[in-house]
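Subject: Structure handover

Hello,

I am passing this structure on to you. Please open it alongside this email and follow along.

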Amino acid sequence: MLEIECPWCGACDQSEFSYGGEAHIARPKTPADLSDQEWGDYLFNRENPKGWHREQWCHTAGCRRWFNAVRDTVTCRIKAYYRMGAVPPEEDGR
Amino acid sequence: MAALTAARSGARVIVADEQSEFGGGLLGTGIEVGGMVARKWVQKMVEALAKWPEVMMLSRSTVTGYHDHNFLVINERRTHHLSNPASLMSRERMWRVRAKQVVLATGAIERPLVFTDNDRPGVMLASAVSVYMKRYAAVPGRSLVVFTNNDSAYRVVHDAIDAGVVVKGVVDLRDDGVSAAADAARCAGVPVYLGHAVTAVKSNFRGVKRINIGRLSADGRSVVAHKGAIECDVLAMSGGWNPTVHLHAQSGGRPVFDETNACFFPGVSVQAERSTGACAGEFDLSLCLVRAVEAASEALRQVGIDPVTVDTPGTAQHSEAPLRALWSIPGDPVMPRGKKFVDYQNDTTEADIRLAAREGYRSIEHVKRYTALGFGTDQGKLGNVNGMAILADALGQSPGAIGTTTYRPNYTPVTFGAIAGRAVGEVLFDPIRRTPMHEWHVEKGAAFEDVGQWKRPWYYPLPGEDREKAVSRECLATRQSVGILDASTLGKIEITGRDAAELLDRIYTNAWKSLSVGRCRYGLMLGEDGMVMDDGVTSRLSEHRYLMTTTTGGAAHVLNWLERWLQTEWPELEVFLTSVTDRWSVTSIAGPKSRELLESLSEGIDLSPETLPFMSFCEGHVAGIAARVFRISFSGEVAYEINVSADQGLSLWRTVMEAGKPFGITPYGTDAMHVLRAEKGYVIVGQDTDGSVTPIDLGMDWIVSKKKDFIGKRSLSRADTARANRKQLVGLKTENSTVVLPEGAQLVNGFSSSRPVPMVGHVTSSYFSATLGYSIALALIKGGRARLGGTVYAPLLDGQLIKATITEPVFYDSDNVRQRD
Ligand SMILES: [Zn+2]
């Protein structure tokens with residue numbers, strides 16, 4: 001179980017959070033203009049990297065705010081947290 | 001020593017020890033520490049530690065898992081050793097610890113030797129023989145032979161002599177050479193056979209009777225001469241020691257093979273942990289104590305604590321000569337018989353592993369699965385390293401090149417009870433949610449149904465009634481006069497803010513900006529994949545204030561769903577969400593007499609259809625209680641959902657029941673509610689849908705806006721979602737109108753020569769309709785909308801084939817006249 005630092009509440013156990021998958025997948029502004037392929041990409045295709053991964057978390061059993069984290073998918077080390085809409089920190093190894 | 005160092009330096013410490021008493025391997029030895037017998041010294045240490053308030057001493061407690069971010073799970077066994085534990089005392093306790101720093105001092109496990117007949121009764125690990133004698137004062141036999149490849153096993157020689165056991169000899173795989181341990185044994189009058197091996201063990205059910213020994217060739221691969229037989233009743237063996245690197249490996253470290261000690265040492269630490277003592281490959285006791293202080297000091301410095309200096313005591317342990325790694329020991333050259341066991345639990349032998357290698361298995365993970373090596377409850381703690389080394393030998397590689405199998409949690413088996421912990425019984429397993437009217441339902445003998453965490457009345461049987469009779473009576477009463485339903489469990493979310501309508505427009509498939517204050521509208525929400533996710537009626541309370549209702553089971557999910565879109569995608573929308581499910585109780589009355597009943601109770605509310613038409617609401621007082629009255633219907637009858645604050649719910653309910661007596665008011669449960677709505681063809685999300693159903697599949701095209709975008713809209717035109725042959729919602733009428741199809745029944749087109757018979761759909765809802773006098777069902781059938789009037793069959797488990805006609809999914813009042821009345 002990870003220890004996750006909510007930007008509002010501080011470090012709490014992972015069991016208080018829910019996972020939102022890859023971050024920075026913006027919903028297309030005009031879905032109707034997209035091909036099936038493009039819409040399918042938005043809907044289903046994710047990077048699934050080995051290494052640093054920018055992802056969404058929600059402090060569901062706490063303040064209920066969504067935020068972003070940068071986590072290494074191999075070691076589970078989390079090196080940065082940032083709020084929704086904030087510019088992601090520099091990424092290495094990618 | 002590590003714990004004492006940390007405690008004295010001011011750290012909070014947990015000492016978790018698997019055994020019933022603290023002391024580890026020292027408990028089973030006669031070694032002296034600090035000028036006293038080891039056991040005494042351990043006792044003093046434990047007393048010293050107990051004085052520190054921030055030190056928690058847990059015996060009978062195994063660290064079974066070392067997980068991410070230094071999260072450790074400790075399984076404490078609390079009552080197993082008690083003959084008469086307090087009845088409320090939990091048997092086990094699971095500690096979940098987030099440690100800043102971890103010092104692993106998990107010791108080492110002695111390794112068996114792989115030789116002929118090594119699994120006979122009376123063949124024991126040398127350390128086990130010592131522990132019996134030194135710790136438990138029990139001798140496992142009267143005459144002992146020791147078989148070893150290292151110095152540590154010589155300790156049992158002296159322990160045995162102390163205990164009055166005759167030691168018949170030491171058979172040492174190592175060649176002639178100088179060994180202080182061998183000399184000491186000889187001085188005690190024990191013959192030592194260097195460069196020899198045990199080649200056979202004769203035994204009966206009582207134990208060993210005699211062993212044969214032979215002289216080894218220089219390379220150790222064969223026995224060159226039979227030396228003779230020795231009578232004995234216990235054979236103590238030692239193949240060296242395996243550091244217990246399990247927790248280090250679970251934490252992410254990769255153990256590395258040490259050629260000198262022929263075992264795996266901890267590798268580089270990945271998390272905030274370090275190994276010390278025998279589990280780090282340090283087998284010298286004095287040095288172990290020094291290293292423990294060093295390990296604790298390093299851990300303390302990592303968290304910014306200055307370690308105090310702690311002196312370590314001296315010990316009387318002698319340094320040891322290196323072992324001889326002979327992974328499989330040759331048997332009798334003339335009469336080679338008997339097996340050499342590697343895994344004592346799964347009976348995996350040396351020959352099995354060599355066979356695996358001949359069969360072409362190269363990876364230890366594959367050999368493990370081919371031979372079952374390490375699959376026992378000890379998870380290979382005794383046999384795995386021997387097995388890996390034998391495979392390496394068979395493949396001509398070094399054990400380090402073969403590597404270990406993966407060390408997974410848990411270190412030892414954990415009971416499900418310990419994992420479940422306090423989450424047991426009615427009260428603690430899962431929270432139970434009861435409506436304000438629950439007490440009344442219980443009084444009236446309702447049967448209850450679990451819907452999520454809610455207890456909902458299922459039906460209210462009168463004396464002598466079964467479920468079917470009760471439900472039929474409840475349905476008929478509602479259709480003919482008035483029924484009353486506790487609908488408090490419906491999810492309720494208050495949506496406020498300037499952009500509330502905009503949010504609804506984006507979430508629901510239909511248009512919301514046109515909804516005027518005081519009106520209600522049914523809405524369907526989809527996942528972005530276009531599949532139906534939830535539904536409910538939302539009402540516009542005022543300009544920027546809406547009350548959304550959701551399914552009972554979907555309430556939390558919908559709230560999270562809306563919140564997520566607002567926070568992550570549309571932060572520019574000014575909308576606030578509040579869960580008000582528990583704030584309101586909902587008494588729903590339905591049936592042709594419901595208006596008359598409500599009129600008799602309400603003040604300041606005009607219930608005439610002109611003022612309060614279908615799908616509208618008003619505020620006023622009902623039975624003197626401030627109420628919101630919503631004219632919405634899930635039964636197809638004129639119906640009112642009376643919302644009053646939760647603390648008034650029971651009072652209102654009782655008053656309505658009293659006032660309803662002249663109309664024969666009848667409480668109905670979820671079962672009758674299901675029948676009534678199915679007669680009307682109203683779907684239940686999660687019952688008639690399963691996450692693979694679009695609104696088009698449900699025949700609900702009418703609610704899907706062509707003009708605006710909404711979540712999931714684009715997916716409705718994807719090739720697969722727009723396909724003609726999708727499963728679509730239809731009604732079914734059985735040929736024999738009294739037969740009720742089982743829900744979930746598969747549907748086929750009839751007899752077919754192909755196997756399996758092609759399935760064309762399944763039944764999602766099915767009931768006997770007392771109102772209609774025949775059974776009805778809803779089903780999802782491939783291309784069903786184009787097959788109205790056609791026939792399908794439901795093959796049942798008992799061999800029956802039920803014939804049914806495909807119909808429109810609305811069975812009653814298809815023009816919706818009644819509910820609009
Ligand atoms: Zn938080």
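This is a predicted model: local features need pLDDT of at least 70, side-chain atom pairs count only at pLDDT 80 or more; totals for chains, interfaces and linings use all residues.

**Chain A**

Chain A has one helix and six strands. In sequence order the pattern is β-β-β-α-β-β-β. The C-alpha trace spans about 40 × 30 × 25 Å along its principal axes. Chain A has 94 residues, and 14% of them count as buried. Take the contacts in chain A between residues at least 6 apart in sequence: 50% of these join residues at least 24 apart.

One residue to look at is Ala80(A), in strand β6 (residues 78-83) of chain A. Ala80(A) counts as partly exposed because it has 15 C-beta neighbours inside 10 Å. Leaving out residues up to four places away in sequence, Ala80(A) touches Val70(A) and Pro89(A). Asp36(A) is 44 residues from Ala80(A) along the chain, and their C-alpha atoms are separated by 35 Å.

**Where the chains meet**

The contact takes 20 residues from chain A and 22 residues from chain B. On the chain B side, the largest share comes from helix α17 (residues 555-569) of chain B, with six residues. That side of chain B divides into 11 charged, seven polar and four nonpolar residues.

**Domains of chain B**

The domain assignment of chain B runs as follows:

- Domain 1 covers 2-108 + 243-302.
- Domain 2 covers 109-241 + 320-402.
- Domain 3 covers 458-489 + 583-676.
- Domain 4 covers 492-579.
- Domain 5 covers 724-821.

Look at domains 1 and 2 of chain B together. Their centres, taken over C-alpha atoms, are 28 Å apart. In the contact, 15 residues of domain 1 of chain B meet 18 residues of domain 2 of chain B. On the domain 1 side, the elements that give two or more residues are β19 (256-258) and β20 (263-265) of chain B. By class, that side has 10 nonpolar, five polar and no charged residues.

**Helix α8 of chain B**

Which residues of helix α8 (residues 350-358) of chain B are buried? They are Glu350(B), Asp352(B), Ile353(B) and Ala356(B). These residues cover an arc of only 165° around the axis, so they lie on the same side of α8(B). An α-helix has 3.6 residues a turn, so residues three or four places apart point the same way. The buried residues of α8(B) pack against β22 (341-343), β23 (348-349), α9 (364-371) and α10 (384-395) of chain B. Just after α8(B) comes Gly360(B), with a positive phi of about 105°.

**A sheet of five strands**

Chain B has an open sheet of five strands in the order β28-β29-β30-β27-β31, with antiparallel pairing. Its edge strands are β28 (520-526) and β31 (576-579) of chain B, and each pairs on one side only. From one strand to the next, the twist averages 30°. Helix α16 (residues 500-507) of chain B packs on this sheet. The helix touches β27 (491-496), β28, β29 and β30 of chain B, and its direction makes about 130° with that of β27(B).

Within the sheet, β29 (residues 532-542) and β30 (residues 545-550) of chain B pair in the antiparallel sense over four bridges. Arg540(B) has Tyr546(B) in β30(B) as its bridge partner.

**Strand β41 of chain B**

Is strand β41 (residues 774-782) of chain B enclosed or open? Seven of its nine residues are buried, so β41(B) is largely enclosed by the rest of the structure. Six bridges join β41(B) to β38(B), and the two run antiparallel. Here Leu732(B) stands opposite Ala777(B) in β41(B). Strand β40 (residues 759-769) of chain B also pairs with β41(B) in the antiparallel sense, over eight bridges. Ser765(B) stands opposite Leu778(B) in β41(B). The hairpin of β40(B) and β41(B) has four residues between the strands. In this hairpin, Gly773(B) takes a positive phi near 85°.

**One loop residue**

Last, find Gly691(B), in the loop between α20 (670-679) and β38 (727-734) of chain B. Gly691(B) counts as exposed because it has 11 C-beta neighbours inside 10 Å. Gly691(B) and Arg521(B) are 170 residues apart in sequence, and 23 Å apart from C-alpha to C-alpha.

Best wishes

Key:
Residues are numbered from 1 along each chain as its sequence is written. Chains are lettered from A and ligands numbered from 1 in the order in which they are written. Two residues are in contact if their C-beta atoms, placed from the backbone, lie within 7 Å. Ala, Val, Leu, Ile, Met, Phe, Trp, Tyr, Cys and Pro count as nonpolar, Asp, Glu, Lys and Arg as charged, and the others, Gly among them, as polar. A residue is buried if 20 or more other C-beta atoms lie within 10 Å of its own, exposed if 12 or fewer, and partly exposed in between; C-beta atoms are placed from the backbone. The arc is that of the directions from the helix axis to the C-beta atoms. Two strands pair if DSSP finds at least two bridges between them. Axes are lines fitted to C-alpha atoms, for helices over the stretch in contact, and angles run from 0 to 180 degrees between N-to-C directions. Domain bounds come from an automatic or database domain assignment.
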